[in-house]
Protein chains: 2
Amino acid sequence: MKIVECVPNFSEGRREEVVRAIVSAIAGVQGVEILDYSMDPDHNRSVVTFAGGPDAVREAAYRGIAKATELIDLNQHRGQHPRIGATDVVPFVPVEDVSMDECVQLARELGQRVAAELKIPVYLYEYAATCPERKNLANIRRGEFEALKGEISRPDRHPDFGEPRLHPTAGAIAIGARGFLVAFNVNLGTNDLSIAKRIARTVRGSTGGLVNVKALGMRLEAKGIVQVSMNLVDFRRTPIHVAFNLIKSEADRYGVPIVGSEIVGLVPQDALFEAAAHYLRLNDFTRQQVLEVRLRQASGAGGR
Amino acid sequence: MKIVECVPNFSEGRREEVVRAIVSAIAGVQGVEILDYSMDPDHNRSVVTFAGGPDAVREAAYRGIAKATELIDLNQHRGQHPRIGATDVVPFVPVEDVSMDECVQLARELGQRVAAELKIPVYLYEYAATCPERKNLANIRRGEFEALKGEISRPDRHPDFGEPRLHPTAGAIAIGARGFLVAFNVNLGTNDLSIAKRIARTVRGSTGGLVNVKALGMRLEAKGIVQVSMNLVDFRRTPIHVAFNLIKSEADRYGVPIVGSEIVGLVPQDALFEAAAHYLRLNDFTRQQVLEVRLRQASGAGGR
């Protein structure tokens, strides 16, 4: 069954009635399931996670954007998190039987419609980006709403869809396609933050470690220990267990034990199947050997 | 969604048209999916694995039994595997949102109907057993079809359902409820069979090892190595990774490496999730964190 996940971020993290109205607009599309939503008052930002078939998810994303455009005025918005729009970013994520190319296509179709019907300029990012500089969201968001107002008329900052001027209240939107992001934290049995920071440096791609891994060392005050906090942005190429094993061997080198770990939010089943197959040394393991996977395929086959 | 697995064994492993007819009879029930079937000519026996909702699975099991009764004459049957009936054993296995008690109830209902309508005596076994001696299938099958003909009239061998005499061609049937069986084999980097046998002895419950684990040491001639071949009969209480780690530490003691392992047939997703959570040291992990589990619950919730 084709499943796409979508994780729009909206520039409202304080007025719950606004976020609820946006979530309701998204949930109103048949075939879409809200998996989670959260509000952050400091960032003044909310994140909605939903999933479903490609068409339903694209339609639901549009309705969420339309509702946010109605209810959020970015001229009144203050918060710590950088943003360019009332709806700030909309990533499509392939989950099941869907390719990255299909998600790129969804991003383009949604971008075109948003520009045409809501008059909001749209930038395509990550896998949907139209040039290398726009792969990275930070480049698109440079200067935020306030600076982009003037800069959008410069050719290098022209949007991919829509006219080169911001929507007066809703700003602009970055729409893209990306891999599933696994938030994975490993706790170390020490209160020495410098060890967590050094291990994070060894593990993350930006400083010579694993590609597709972002990592920070941080303190867990309440527990009196430190943590290597990671985002794994492509768990199929850089699996969870590879990151874990690298942290383990680095921690060993400092004589520090791993005292536990956690996945924040959701993790695709394949990531856990791969980890189990790795540690149990399963040769030639495939997800076809998983009872529930087979059952769903069998029952899904009749429905298609 | 309620899912029950059923794994009937039929006393025919040579005539493919007979096995196909039985499989077709089972597959004819709506809501039932055939997951696998296999024929063994030496054992002259076939094993069909199917699953679905409780009512559909019970009905499909009945139809399979009825078809086997029609097509198999146990008086003509020769094979290595002990058996008492044309349909020899029918276990119901809880898979999802179903308790063992519900599977015991399915076994009773099916047994009653088989005795009443097909005139085949039925013994209940494992979790469905009506006395401790009948938990073990080997006790029920003692002497097989040929000896049971005479002994069935003895009170201690009276069936749980039906008259105390065998069906003239179909014999008797053992119907029961049991946990999911995971077939898990670990390969050792040695050709010394005695090491595999010693490790098997340490690991299996019957000789002092782990309860719910059956284990044998055997030779893999083609590969020139040996294997500890296991059945894990209750993976929730005695997880795969516990068996694996015990084998690993025993193999270390003999200085022998583990060179791989395999799951034969199907494995429930929870067994792999548990293994991943163990090795990745995930604190407080629940299947609710698995994207696909959450998606199915969300979409299933509307349908109930």
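A residue is called buried if 20 or more other C-beta atoms lie within 10 Å of its own, exposed if 12 or fewer do, and partly exposed in between, with the C-beta atoms placed from the backbone. Helices (H or I, at least four residues) and strands (E, at least two) are DSSP runs, numbered from the N terminus. This is a predicted model, in which local features need pLDDT of at least 70 and side-chain atom pairs count only at pLDDT 80 or more, while totals for chains, interfaces and linings use all residues. Residues are numbered from 1 along each chain as its sequence is written, and chains are lettered from A and ligands numbered from 1 in the order in which they are written.

Two strands are said to pair if DSSP finds at least two bridges between them. By this rule β4(B) pairs in the antiparallel sense with strand β1 of chain B (residues 3-6) over 3 bridges, and within this pairing C6(B) has F50(B) as its bridge partner. Strand β2 of chain B, residues 9-10, also runs antiparallel to β4(B) and is joined to it by 2 bridges, with N9(B) standing opposite V47(B). Strand β3 of chain B (residues 32-40) is linked to β4(B) by 8 bridges, again antiparallel, and here V32(B) is the bridge partner of G52(B). The hairpin of β3(B) and β4(B) has 4 residues between its strands, and N44(B) takes a positive phi near 50° in this hairpin.

In soluble globular proteins, nonpolar side chains tend to be buried together. A nonpolar core is a set of buried Ala, Val, Leu, Ile, Met, Phe, Trp, Tyr and Cys residues joined through C-beta atoms within 7 Å. The largest such core has 184 residues, and of these V4(A) and V4(B) touch the most other members. The largest share of this core, 7 residues, is supplied by α8(A). Two residues are in contact if their C-beta atoms, placed from the backbone, lie within 7 Å. Once neighbours within four places in sequence are set aside, the contacts of V4(B) include A51(B), P54(B), V57(B), F92(B) and L106(B).

Helices pack in chain B as well. Two packed helices are described by the angle between their axes and the distance between the axes. Axes are lines fitted to C-alpha atoms, for helices over the stretch in contact, and angles run from 0 to 180 degrees between N-to-C directions. The axes of α2(B), residues 54-71, and α3(B), residues 100-118, come within 10 Å and cross at roughly 35°. Among the residues that make this contact are P54(B), R58(B) and I65(B) of α2(B), and L106(B), E109(B) and R113(B) of α3(B). If Ala, Val, Leu, Ile, Met, Phe, Trp, Tyr, Cys and Pro count as nonpolar, Asp, Glu, Lys and Arg as charged, and the others, Gly among them, as polar, then this contact has 9 nonpolar, 1 polar and 4 charged residues.

Helix α8 of chain B, residues 269-279, is largely enclosed by the rest of the structure, because 10 of its 11 residues are buried. The buried residues include L272(B), F273(B) and H278(B), as well as the charged residues D270(B) and E274(B). Just after this helix, R281(B) takes a positive phi of about 55°, and this residue lies in the loop between α8 and α9 (291-303) of chain B. Most residues other than glycine have a negative phi, and most peptide bonds are trans. K119(B), which is not a glycine, also has a positive phi, of about 60°, and lies in the loop between α3 and β6 (122-126) of chain B. K119(B) counts as partly exposed because it has 15 C-beta neighbours inside 10 Å.

Chain A holds an open sheet of 4 strands in the order β9-β10-β8-β11, with antiparallel pairing. Its edge strands are β9 (213-220) and β11, each of which pairs on one side only. Helix α6 of chain A, residues 193-203, lies across β8, β9 and β10 of chain A and runs at about 175° to β9(A).

Finally, the two chains meet in a contact that takes 35 residues from chain A and 35 residues from chain B. On the side of chain A that touches chain B, the elements that each supply at least two residues include β3 (32-40), β11 (258-264) and α8 (269-279). By class, this side of chain A has 23 nonpolar, 7 polar and 5 charged residues.
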